[in-house]
Amino acid sequence: MNRKTVAPIYSMCVQPSFIIGTNNEDGTYNFAPITWVSATHEEGDKYLLVISMSGDKTTKKNVIRTGIFSANLVNTAMLPLMDYLGSLHAQDGPKNDIDYKVGRGTVLNVPTLDASPWVYECEVAKSVETGDSTTFFCHIRGIQTDEKLICEDPFDVDLTVLDPVIYSGRYHNIDHMIGKIGDFKEIREDGSSEDSDILKAFHKHRMIMYLMFFIGLFVALIGCAYIMTFPIIIGAGLLIVLAAIIYGLFSNAMTCPYCGEMLGRRGFGTHCEYCGKKIF
Ligand SMILES: Cc1cc2nc3c(=O)[nH]c(=O)nc-3n(C[C@H](O)[C@H](O)[C@H](O)COP(=O)(O)O)c2cc1C
């Protein structure tokens, strides 16, 4: 890969989008988007949510004062809500120009957003100041998830069901689930690789498809030359072309062998234009 050098300013940083729910001093609630969110390990099966807030926003003050908050994952349907909540400051008045349903945590007394498919209920364990920012390391005391989400183990979370908004200076969404750890390990102990098996089968089917396709075209062309005497030859040629297309569809020769997306819809290259894996 050829790279260029750019100024070392904070720019690209892939962040999950959360809306943080906190309790105001007067007992009302407040919500604000925060995307400086990550996680770290504590001990055993305990993890800490790491969340950072700058300035003197009400959300930050509430977290410092109460030590608890909810982190509501933002999905793409919640973008209007995130934009709205992020454009206002609680100190200028309640953010109630648009309708959104608010619930309560099941473990902690924190406000939660009904629209969110994944809600953490958090309690601050430790905080660290850097300049005007405070980073909170927080115990996860409760989690509420969308009933539609089925997880076989804690790490089996299909983000395409949650449809989270990813922020990195611009909003993004997620297109595919492309595998789990180890799926992309290239070389087996015997020196072969799963990728090479997958690609071998894919290329074999693709070659058969192209062969049938061109034979069909060839036969149809011959049929054109003898159209008066053997019109049936054109039909036979076109039937072979059709068979090639059906074969291509059923043998998956027309879709990426890794992510299953139809190839060529965004142009052809050596890599799948959806999952980025090398296929040619
Ligand atoms: C997409 C998005 C991401 C944001 N991420 C952060 C963040 O990570 N940390 C932060 O301190 N402020 C962040 N903000 C800014 C706050 O959401 C914003 O200042 C908000 O108005 C604060 O509300 P409050 O004053 O009611 O607490 C973000 C805003 C948007 C729109």
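What volume does the largest cavity have? The largest cavity has a volume of about 30 Å³. This is a predicted model, in which local features need pLDDT of at least 70 and side-chain atom pairs count only at pLDDT 80 or more, while totals for chains, interfaces and linings use all residues. Residues are numbered from 1 along each chain as its sequence is written, and side-chain values use heavy atoms, with hydrogens and water left out.

On a 1 Å grid over the protein atoms alone, a cavity is a set of points where a 1.4 Å probe fits but cannot get out; a pocket is an open set with protein on both sides within 12 Å along at least five of seven lines, and lining residues have an atom within 4 Å of a point. Points are joined across faces, edges and corners, and a volume is the space filled by probe spheres set on them. The structure holds one cavity of 30 Å³ or more. Among the residues that line the largest cavity are L263, F268, H271, C272 and E273. By class, this lining has five nonpolar, four polar and one charged residues (Ala, Val, Leu, Ile, Met, Phe, Trp, Tyr, Cys and Pro count as nonpolar, Asp, Glu, Lys and Arg as charged, and the others, Gly among them, as polar).

The largest pocket has a volume of about 1,000 Å³. Its lining is made of 26 residues, and W118, Y120, P154, F155 and V157 lie nearest the centre. Two or more lining residues come from each of β4 (37–43), β5 (46–54), β9 (118–130), β10 (133–145) and α3 (159–162); helices (H or I, at least four residues) and strands (E, at least two) are DSSP runs, numbered from the N terminus. The lining divides into 19 nonpolar, two polar and five charged residues.

The second largest pocket has a volume of about 300 Å³. It is lined by 20 residues, with A32, P33, I34, K57 and H89 nearest its centre. β3 gives the most to this lining, with four residues. The lining holds eight nonpolar, nine polar and three charged residues.

L239 is placed in helix α5 (residues 232–250). L239 is exposed (over 50% relative accessible area), with a value of 58%.

Terms used: Buried < 20%, exposed > 50% of the residue type's maximum accessible area, 1.4 Å probe, protein only.
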